[in-house]
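Welcome! Here is a short briefing to read beside the sequence and the model.

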Amino acid sequence: MKFKGIEHIGITVTDLKAAETFFVNALGASVLYRIVPPDEPAKAVDGQSMHPLNGFPVDMRVVGLAMLRLGNGANVELFQLDPGVNNQQTNICQPGINHFSLYVDDIKEAGETLRAHGAEMLEGPSDCFAQEEGAGNQTWFCRTPFGVLIELITLPSPLHYDEGATAERWLP
């Protein structure tokens, strides 16, 4: 068996339509399909039927579910739940998956595009360090309007690998 890579990431949001709009307008994503359109309550999926599959709470329902294509990386699956969840300001110190990173050619332009669509840009862009250090290698984090932490990264200079590394980092 060989693992080929991340096929999709799942993100729970408070408002599926608003999150879709952000991903499409700010990140150039495409909505592929909506398994549970948020304006079709009859298609909601109850927790009782999902619990055995993935541990979903039996007292909740999925009232919105969409799959988006994002560039040349992982797809993004968006969930809206009932009862709703609060937007949380994610950060690196939280357990579990705490951010995803998007490779860009022009980090300043990408950051300004995200800002124009409601993202809170944190300090940056910042030069990369350690094994990622190199001319033009930079990173810049933001929080989306729905609380998800996104890292922008550009790595035009070669990376430095530890002795004994058997592969190189995949870049789009």
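In which strand is the place of Cys142? Cys142 sits in strand E9, which covers residues 138-143. Before the details, please keep in mind that this is a predicted model, where local features need pLDDT of at least 70, side-chain atom pairs count only at pLDDT 80 or more, and totals for chains, interfaces and linings use all residues. Residues are numbered from 1 along each chain as its sequence is written, and side-chain values use heavy atoms, with hydrogens and water left out.

**The overall picture**

- The protein has 3 helices and 10 strands; these are DSSP runs numbered from the N terminus, with at least four residues for helices (H or I) and at least two for strands (E).
- Read from the N terminus, the order of elements is β-α-β-β-α-β-β-β-α-β-β-β-β.
- The C-alpha trace spans about 55 × 45 × 30 Å along its principal axes.
- Among contacts with a separation of 6 or more, 55% are between residues 24 or more positions apart; a contact means heavy atoms within 4.5 Å.

**Surface and burial**

- The protein has 172 residues, and 37% of them count as buried (buried is under 20% relative accessible area, exposed is over 50%, and partly exposed is in between, with a 1.4 Å probe and protein chains only).
- The accessible surface comes to about 10,600 Å², and carbon and sulfur atoms hold 53% of it; such areas come from the Shrake-Rupley method with a 1.4 Å probe, and for residues only the protein chains shown count as cover.
- Leu32, Tyr33 and Ile35 make a nonpolar surface patch of about 290 Å² (a patch takes residues with over 30% relative accessible area and no salt bridge, joining nonpolar side chains within 5 Å and like charges within 9 Å).
- Ile35 belongs to strand E2, residues 30-36, and counts as partly exposed because its relative accessibility is 47%.

**Around Cys142**

- Why does Cys142 count as buried? Its relative accessibility is 0%.
- Leaving out residues up to four places away in sequence, Cys142 touches Leu114, Ala119, Glu120, Met121, Leu122, Val148, Leu149 and Ile150.
- Cys142 and Glu120 are 22 residues apart in sequence, while their C-alpha atoms are 5.3 Å apart in space.

**Charges and salt bridges**

- There are 11 positive and 22 negative side chains, and the centres of the two sets lie 7 Å apart. Lys and Arg count as positive and Asp and Glu as negative, while His and the chain ends are not counted; each charge is placed at NZ of Lys, CZ of Arg, CG of Asp or CD of Glu.
- How many salt bridges does a search of the whole structure find? The search finds 6, each being a side-chain nitrogen of Lys or Arg within 4 Å of a carboxyl oxygen of Asp or Glu.
- One of them joins Asp82 and Arg61 at 3.2 Å, N to O. This pair links distant parts of the chain, with Asp82 in strand E5 (residues 75-82) and Arg61 in strand E4 (residues 61-69), 21 residues apart.
- Asp82 is partly exposed at 34% relative accessible area, and Arg61 is partly exposed at 33%.
- Arg115 and Glu112 form another salt bridge, at 3.1 Å, N to O. Both lie in helix H3 (residues 107-116), 3 residues apart, about one turn of the helix.
- Arg143 and Glu120 meet in a salt bridge at 3.7 Å, N to O. Arg143 lies in strand E9 and Glu120 in strand E7 (residues 120-121), so this pair ties together parts that are 23 residues apart in sequence.
- Arg143 is buried, with a relative accessible area of 17%, whereas Glu120 is partly exposed at 40%.
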